Amino acid sequence: MGCMLLARLAQVSQEVAATSARSKKTALLAELFREAEPADVPVVIPYLAGRLPQGRLGVGWKVLSRPVAPAAEPHLTVREVDALLSELGKVSGAGSQAERVRLVGELMGAATETEQRFLLGLLSGEVRQGALDAVAVEGLAQATQAPPADVRRAVMLAGSLQTVAEALLADGPEALDRFRLTVGRPVLPMLAHSASSVAEAVEKLGACAVEEKLDGIRVQVHRDGDTVRVYTRTLDDITDRLPELTTAARALQGKRFILDGEVISFDATGRPRSFQETAGRVGSRVDVATAAEQVPVSPVFFDALSVDDRDLLDLPFAERHAELARLVPEPMRVRRALASGPEDAGAAEAFLARTLERGHEGVVVKSLDAAYSAGRRGASWLKVKPVHTLDLVVLAAEWGHGRRTGKLSNLHLGARQADGSYAMLGKTFKGMTDALLTWQTERLQELATGSDGSVVTVRPELVVEIAYDGLQRSTRYPAGVTLRFARVVRYREDKRPEEADTVETLLAAHPEVKP
């Protein structure tokens, strides 16, 4: 069995897109995985979901739209394509555009007409298969005769579907025993759904903790003796950028643990600095000592995943927090209040009010009985903010007028749909500073896939947090609703488009508006 042909992958991608039946999608992927070599997996899985392992390649529509005569017969393998795209991603400096044209021409010339269509969709961001990773887990289980629940847990602990798939295809179901919660190996964090009010959240969850929602950067801190590693929500290692966290972790009593929390910067009065300042500090890679002096950060922990080699993921939150409190002193833990049920909604609302007064953005209400669902947006964590906000994807932008001439200004905003596509919910040009306009113009042009002179369409990769006053019915937009008074809060480059909010979530949050 040789390397998988791109033609086979393109065929399955088309067949998966053409069916809405989950069982059929699972069967198609199971068949594909049975044919795949373990070494094909790191390419096959991202390509099926419409992702490039290399990330952005700097290839615009001008390069992609040049016609190239297709090959007569398929011979390209997925690994050959991956190697060529890696080469393409390294191109920079003088003559880079001509080199990109040459490499894309070489790739397209080696591809059949069907493969060319698939590659164009992949490179332009138009291959979108929705939440395909969940179906891929089921297909992988079916292909290897492994229990689906065990595969899901292994993916959760590995933080990577590709890693688990490679091991499973190489060694069978017994390979799943390797994927255990391990200090030094990060897991994807548990995420929260939204609730419209604290009263609604407490009503849904019953006995719960109401915790401050900090406007910082999510971190997972691992300590093994004197060795400390710090990871982001996307599992990037940022240890060297945040020496304060290493110092804080070493000061704790435990020698081996994994803690979940936020890193945030406070001003001289003890109020939180803006998210942009904290994000800028976390993103700073050079002269860390000066950055730490100018914008010091503090860890604030709210969960314990492992303590003294004991895996806590399946324990109720109440027990995990008891372990956290034993290990972490109160000033380094998130503030919280306990509620036994709806009768405590008033006290929970008062805690939210005090949290907002302290400058934080809201609360997260957490069931005391819930296990830690790593990598999933669990219904047992509900975030409540005083204003409506959504994480949406930029689909296009319009060139501005007046003082905004020469700047991409009016954003076309999209929410995810069940099939993986995006439904436009409206537009906004509000909430943008001159600096943001300049940055957004440059960034969106990097993602451009086409233009009619006034509207630039872009690959749906950039997530933006939008505040809005409400929802109203509208026949102009595909979901039948549009946002009222939408304005930009900030861009969320720490989030992937797959993490953007869905139309379903939006409609559920506004039951009073029926499209």
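This briefing walks through the overall build of a protein chain, one of its sheets, and a single arginine. The model is predicted. Its protein chain holds 18 helices and 19 strands, and 54% of its 515 residues are buried. Keep the structure open as you read, and try to find each element by its residue numbers.

**The chain as a whole**

- For 515 residues, a compact globule would have a radius of gyration near 24 Å, and the protein chain agrees because its own value is 24 Å.
- Take the contacts in the protein chain between residues at least 6 apart in sequence: 71% of them join residues at least 24 apart.
- The protein chain has an accessible surface of about 22,700 Å², and carbon and sulfur atoms account for 51% of that surface.

- Strands in a sheet pair through backbone hydrogen bonds, in either a parallel or an antiparallel way.
- Here, five strands make an open sheet with mixed pairing, in the order 1-10-9-2-8.
- Strand 1 (191-194) and strand 8 (336-339) are the edge strands, since each of them pairs on one side only.
- On average, neighbouring strands of this sheet are turned by 35 degrees against each other, with direction ignored.
- Strand 9 (residues 362-367) pairs with strand 10 (residues 377-384) in the antiparallel sense, over four bridges.
- To see a bridge for yourself, look for Val365, whose partner in strand 10 is Leu382.

**Helices that pack on the sheet**

- Helix 11 (residues 198-205) packs on the sheet and touches strand 2 (208-213), strand 8, strand 9 and strand 10.
- The direction of helix 11 makes about 155 degrees with that of strand 10.
- Helix 16 (residues 345-357) also packs on the sheet, where it touches strand 2, strand 8, strand 9 and strand 10.
- The direction of helix 16 makes about 140 degrees with that of strand 9.

**A look at Arg492**

- Where is Arg492 placed? Arg492 lies in the loop between strand 19 (487-491) and helix 18 (503-509).
- Is Arg492 buried or exposed? Its relative accessible area is 9%, and buried means under 20%, so Arg492 counts as buried.
- The side chain of Arg492 makes a polar contact with the side chain of Asp494, at 2.7 Å.
- Leaving aside residues up to four places away in sequence, Arg492 touches Arg233, Phe275, Asp391, Val463, Val464 and Glu465.

Notes
Residues are numbered from 1 along each chain as its sequence is written. This is a predicted model: local features need pLDDT of at least 70, side-chain atom pairs count only at pLDDT 80 or more; totals for chains, interfaces and linings use all residues. Side-chain values use heavy atoms; hydrogens and water are left out. Two strands pair if DSSP finds at least two bridges between them. Helices (H or I, at least four residues) and strands (E, at least two) are DSSP runs, numbered from the N terminus. Axes are lines fitted to C-alpha atoms, for helices over the stretch in contact, and angles run from 0 to 180 degrees between N-to-C directions. Contact means heavy atoms within 4.5 Å. The radius of gyration is taken over C-alpha atoms; the globule rule is 2.2 Å times the number of residues to the power 0.38. Buried means under 20% relative accessible area, exposed over 50%, partly exposed in between (1.4 Å probe, protein chains only). Accessible areas come from the Shrake-Rupley method with a 1.4 Å probe; for residues, only the protein chains shown count as cover. A polar contact is a pair of N or O atoms within 3.5 Å; within protein, one must be able to donate a hydrogen and the other to accept it, and residues adjacent in sequence count only if both atoms are side-chain atoms.
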